[in-house]
Structure formats: structure tokens, C-alpha cells
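Please read the following report beside the sequence and the three-dimensional structure displayed here.

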Amino acid sequence: MPSLSTEANRQSDVPLAGLYIHVPFCSAICPYCDFAVLVGGHEQRRHFVDSLLLEIALYADLELSGLGPVCFDTIYLGGGTPSMLTPDDLGRIFDALRRTVDLTADAKISLEANPEDVTSASLQAWRRLGVATLSLGVQSFDGDELRVLGRRHSPEDAIRSIKQAVAAGFDSVSVDLIFGLPDQDTSTLRRNLEQAVALAPDHISSYELEIHPRTTFGKQHARGELHELPEGQQAELFLLTHRVLAEAGYPAYEVSNFARHPRYRSQHNQKYWRHVPYVGLGPSAHSFDGQQRWWNERHLAKWQRQIEAGHRPVAGRERLSTQDLALETLMLSLRTVAGLDLSSFEARFDFDLVAHNRALVEQLDREGLLRLHDNLLAPTLEGFAVADGLAAGFSLQGLGRQAVRSTSRSIDKRLDRQV
Ligand code: SF4
């Protein structure tokens, strides 16, 4: 397997960041999808890669504010459907990265793929290119559910692709599932989970279906043609997912992520939850340097125009106040099994969270949503089900100088899939 390392240039004190590349193409647009995606032909994909190489060049000698030069130990190709790029185009991207940015010797590459793109030839090509983790967008093993979701693969494609990927020798194979479809009941979900487990992937992600206003589902919902599963049933499916997967040997390590061993946890996605810096390339990709977050132009043509004019295609940025960072840290930590390390929080923000919120912590403990032990504040399974609301009640009064403001842009429920 080829090494991506440019470690000769690496200084030992350079922080290890994550690199995300958004590939915006799909063979069709799923009715629930809110990502920056489009259906593009071969020429458009080739042009995108040409532009991406220029964008990579704009990040030569990258320095992040307050951090200096940066070295990457994870590269994640998401989208969209990165598996639609040819091995030749993927090779051009990896060559450009190798030439331009600082990578560790063991930088881990993850690639999202749709089941219909998985063949013996594509698997071999991805392995040759150094892909360590293959993440398969299966979503369901039920033919009716796949049709509702507008997916192009069949249950048989899903099963075949996982079997082939598991046999191909990647470091890790991950399977993405979606739950909470309108009318989904516990028996269909249980069958999906049991089928996934039977195929023995290393990692499973299970995301709740969200209906976004701009999507086909959103428009159908607004016209009253599509209903959301009631909250109580959503919660039931969420708890079922966690129980079935834990019993099958896939304990959760984050609200939506499950691994059959800690070594299969997503190294890249954990950077988002731990406020480790990351750089995103491609349309709509987000970056974070520990203090500032910035995001690229969402539309392919605008993104390309900026790059071709020699500019980094940044559409906007925000500087996070100390309170923003503290609130994000709290929210993101309470979405993980590890929870919040109170000593680290106090050392970083000079704020004793529990002392300022004792009554709330005791109440959440009585309600069985949070546990405080060994200086860790960790959610229970029931707490996980309401993870996004858990942090909302905490007071950060007296921390930093600026008022807490909405962090809805900053904390996307699907941060681990970028935005
Ligand atoms: S859900 Fe995935 S496969 Fe479907 S359009 Fe969006 S990015 Fe593409």
C-alpha cells in the first residue's frame, strides 16, 4: 500500500489535524438529502478534480492561526459519492496531497462509497490507492425502504458490497444506516440491524432521518404528503438501535456511531467531536482551527470560479467566543460515551461547570440522563436519546466575556459527515 507520508518535513510539535474532501457528485439526488450535491457527468467530475487540485495548491504551506504549520493524519473523502470518481482521478488527488501538504507516515484515508460502485476491480483499485476505511452508504436492507429513500441499490447489492468489502482486506469497513423512516416499525429496523451485524462490518453508523425544508421530502412534508415519525416512536427506534447493536458486540461510542472494537472508531470523525483542527476542501466543506470556523462556497460553479481566480473559495467564517467553544465542547462531549472530562474543561475554560450547575446535574442524574463519576459527566443511554437538549440547560454564566449565541451552524447533528 503506498504511503502518503511527507513526514520528512514534519516537526514533532505540529498538531495532527484532519483533512476532509467533499466530492459533490451523485448518480441521482435522494429525496431527503440536504448536502451540496449534484448529478454530473464524466467531464464535470474531471473538471471538479482539476479545480480540487488547484484548491489543494492554495493550501501549500498551510498555517492555522495560533497553531502554525499543520500536519494531517486523517484524510476523509465524503460527499456526495466519492466512489464515483475514477481511480485515476483519486490517484491525482492523493498525489497532489502528497506533494503539497504535510502528512504523517500512517495518515489514514477513508472513502465513502455507494454499494452500486463496489466491484472487485474498484475494491482492488481503492486498496492500491491506500484507502484504509471504506464507508458504505447502505441505509437499509429493505427493498421498500430503499425505494422510499430513493436509493439506487437493491438489498442484494447492499449485502454483496459489504461481503466483498469485508473480504477485500481494508483496515476497517463501515456501514451507514438510516432509521426513523415514515411508518418504520421496530421489526423492520431490527431486521436491518441484524442483517448489518450478520455481515460483520467493523463499524456501523446509524443516523436518524431528518426532514430538511429544501429537500423533496421537506416539500412533501410542507404539503402534508409526508409525515414524520412521532417523537416517541423515534426515541423507541433510537433505543432499540443502541440495545441491539450493543448486544451484538457493537457498543456506541457516539450518539450515531458504533464499533466492534475501539480501534475501529473513526479517527477522523472524533476530531470534530474533540475540537481538533480540520481543513475541508471542495464545495461546502467546513474548516476549524481551534478558534475560527470557515466554510467553502456551496455551489460548484461559485467554488470553481473562486479557485480559478486564485482565491481560497471561502464563503464565510465565524470566530468562536470562549463561551461558544465551551458550549460546543459540552454539547459535543455529551454526544459521546466518554462524556465530558471536567478537569480538562476547567483547565481549558477556567470554569467549574458542576459547581455552577449543581442543581441541574443532580436533577439530570435523578432523571437517569447523566452520571457524574470520577470527574466525568457522561450521558446514559436515555440521555443519549436527548443528547442535543442535555447541554442546553447548563449555565455558563461568568465564563468569558461574550454572550452565548446560537451554535446551530457550528454544531451540526451530522458533523461527522461534515455539512
Ligand atoms: S444521500 Fe448520499 S447518495 Fe443520496 S444524494 Fe445525498 S450524498 Fe448522494
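The model is a predicted one, in which local features need pLDDT of at least 70 and side-chain atom pairs count only at pLDDT 80 or more, while totals for chains, interfaces and linings use all residues. Residues are numbered from 1 along each chain as its sequence is written, and side-chain values use heavy atoms, with hydrogens and water left out.

**Domains**

The domain assignment gives domain 1 as 7-273 and domain 2 as 322-393, such bounds being taken from an automatic or database domain assignment. The centres of domain 1 and domain 2, taken over C-alpha atoms, are separated by 28 Å. Across the boundary, 11 residues of domain 1 are in contact with nine residues of domain 2, where contact means heavy atoms within 4.5 Å.

**Ligand shell**

Around the ligand stand Cys26, Ala28, Ile29, Cys30, Tyr32, Cys33, Val37, Gly79, Gly80, Asn114, Arg151 and Arg152, a residue being counted as near if one of its heavy atoms lies within 4 Å of the molecule. By class, this shell comprises seven nonpolar, three polar and two charged residues; Ala, Val, Leu, Ile, Met, Phe, Trp, Tyr, Cys and Pro count as nonpolar, Asp, Glu, Lys and Arg as charged, and the others, Gly among them, as polar.

**Helix pairs**

Helices (H or I, at least four residues) and strands (E, at least two) are DSSP runs numbered from the N terminus. Axes are lines fitted to C-alpha atoms, for helices over the stretch in contact, and angles run from 0 to 180 degrees between N-to-C directions.

| Helix pair | Axes come within | Crossing angle |
|---|---|---|
| H1 (residues 42-58) and H2 | 10 Å | roughly 5° |
| H11 (residues 322-333) and H12 (residues 342-349) | 11 Å | roughly 170° |

The crossing of H1 and H2 makes H1 roughly parallel to H2, whereas H11 and H12 are roughly antiparallel to each other; angles under 35 degrees count as roughly parallel, over 145 as roughly antiparallel, 65 to 115 as roughly perpendicular and the rest as oblique. The residues of H1 that meet H2 include Leu52, Leu53 and Ile56, and their counterparts in H2 include Ile93, Ala96 and Leu97. By class, the contact of H1 with H2 has eight nonpolar, one polar and five charged residues. In the other pair, Thr322, Leu325, Ala326 and Thr329 of H11 meet Phe345, Arg348 and Phe349 of H12, a contact with four nonpolar, two polar and one charged residues.

Three strands form an open sheet in the order S15-S17-S16, with antiparallel pairing, two strands being paired if DSSP finds at least two bridges between them. Strands S15 (340-341) and S16 (370-373) stand at the edges with a single partner strand each, so one side of each is left without a neighbour in the sheet. Four bridges join S16 to S17 (residues 376-379), and Leu372 stands opposite Leu377 in S17. Helix H14 (residues 358-366) lies across S16 and S17, running at about 115° to S16.

**Backbone**

The peptide bond from Gly79 to Gly80 is cis, with omega near 20°, and Gly80 is found in the loop between strand S4 (71-79) and helix H2 (87-100). Asp183, although not a glycine, has a positive phi of about 75°; Asp183 is placed in the loop between strand S7 (172-179) and helix H6 (186-198).
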